[in-house]
Amino acid sequence: MNSIVVGLQWGDEGKGKIIDYLCRKKDVIVRFQGGNNAGHTVVLNNKKFVFHLIPSGVLHKGKTCVIGNGVVIDPAVLLREISNLKKEGIDVSPKNLKISAHSHVIMPYHRIMDGLREKKRIQKIGTTQRGIGPCYVDKVGRCGIRMFDLVSPKKFSLKLKDNLREKNPLYKDVYKAREFSFKSIYEEYTRYARLLKPYVCDVPDYLYSMRRKRFLFEGAQGTFLDIDFGTYPFVTSSSTVSANASLGSGIPFIKVDEIIGVAKAYTTRVGEGPFPTELKGKLGSYFQEKGKEFGATTGRPRRCGWLDLALLKRSKILNNVSRIVLTKLDVLDKLKQIEVAVKYKTKEKNPFSFPFDLAKAQPLYKKVEGWNATTDGIRKYKDLPINAKKYIAMIEKHLDSKIAYISVGQMRDAIIEKEG
Ligand code: GDP
Ligand code: IMO
Ligand code: MG
């Protein structure tokens, strides 16, 4: 059974926790896009792990974690992640971690450019400033440096020289920023290259050799941060939807059995951009506090709001979702009344139509009664409060989709299997 797991909202849906749970029954876990803008949290025995680049399956023994060509890699961050895991006694070696030779490397000038462009923009995006966008720009502009180039000193030197020849005047003259020294970047990055080289391989070739095994493709970010289908320009610079799992890892030969969409029981967003069900007052702060809604990567407070079913309906279509995982239901436990956006005001007859500009969307809300009980300790669906079950049933009905799992807490075992 091969699965793709993607976020259905604006990221931070709890993908890390769900992937850690689902990959018990998988052999190979593959990240296919994004970079260390992602922060995927797994809580194990009261210890919190936040993964930025390494797939969230790494805490399980006997699995292989793969970073695909679609990912952009900051080598310093990756090396830190590897070393922190080793300190915790987690096995990470070239045997269970494979890095695609085709993946692109985030360079210091990418990180700086991310900040400079953001500063210059009147309409800010609120990026994580990790150099993600500028790195993808260079990839498409055919001047990017791939892992394959990084681990070959001669190639790396040539490509770095070419890049600096073009970029240094831009930094100096247009952005009035400092120039980059070839020597210091070359020395720093060849040190990283020596340490990462044993992990670098031809991923399509490796995955082909594993084609009879069970795969899980780990999405980062969320559907509405997708470069094509998200709330452009307030998006990230990669394709976050399920269709990219194949391209971002180079394995069209694997049959995908299910696409699992992860959705929070309410909605959050970090950074700028439209958010139709956003709650700015006391309730927004309540969600922030109760849900500990602070970015796993940047620590920024996440904007919070009611669940938006119009958004999820669109995500379901964009990802071809077969089953949904609803997370953080426990955060709603103490609310007397819960609101849910069931659709947006529109004159459109087509029930699947979706506004091109989400900033203009006017949600129509349905009010439902809360359950005023603690769900955190519950492990069986039948034990959930009746109003929580009604909430879940309403989501299923509106989306015409099954919710397969319900997550009711941070801990690994705080999950309810609803079916199968
Ligand atoms: P990801 O980027 O989608 O992996 O999500 P993040 O890790 O950035 O953010 C999700 C946060 O919610 C993390 O702190 C998780 O530990 C936490 N979390 C995940 N599932 C649940 C849940 O069901 N209930 C609660 N209260 N917290 C959860
Ligand atoms: P995970 O995988 C939430 C947001 C940023 C910003 C926009 C562009 O943990 O769900 P970028 O640095 O990618 O150019 O920033 O995208 N963003 C995320 N928001 N979760 C993430 O990842 C995100 N990765 C990027 O806040 O609004
Ligand atoms: Mg996150």
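Because the model is predicted, local features require pLDDT of at least 70 and side-chain atom pairs count only at pLDDT 80 or more, whereas totals for chains, interfaces and linings use all residues. Residues are numbered from 1 along each chain as its sequence is written, chains are lettered from A and ligands numbered from 1 in the order in which they are written, and side-chain values use heavy atoms, with hydrogens and water left out.

Around ligand 1 there are 18 residues, of which Lys15, Gly16, Thr41, Asp330 and Ser407 come nearest; a residue is taken as near if one of its heavy atoms lies within 4 Å of the molecule. By class, this shell comprises 3 nonpolar, 8 polar and 7 charged residues, where Asp, Glu, Lys and Arg count as charged, Ala, Val, Leu, Ile, Met, Phe, Trp, Tyr, Cys and Pro as nonpolar, and the others, Gly among them, as polar. Helix H1 (15–22) and strand S3 (40–44) each supply at least two residues of the shell, and H1 gives the most, with 3 residues; helices (H or I, at least four residues) and strands (E, at least two) are DSSP runs numbered from the N terminus. Ligand 1 lies between domain 1 (3–100 + 200–259) and domain 3 (263–417), because both give residues to its shell, the domain bounds coming from an automatic or database domain assignment.

Oxygen atoms of ligand 1 lie 2.5 Å from a polar side-chain atom of Ser407, 2.9 Å from a polar backbone atom of Gly14 and 3.1 Å from a backbone N or O atom of Gly409. Taken alone, ligand 1 exposes 580 Å², of which the protein buries 94%, accessible areas being computed by the Shrake-Rupley method with a 1.4 Å probe.

Note on methods
Polar contact = N/O pair within 3.5 Å; in protein donor to acceptor, adjacent residues only side chain to side chain.
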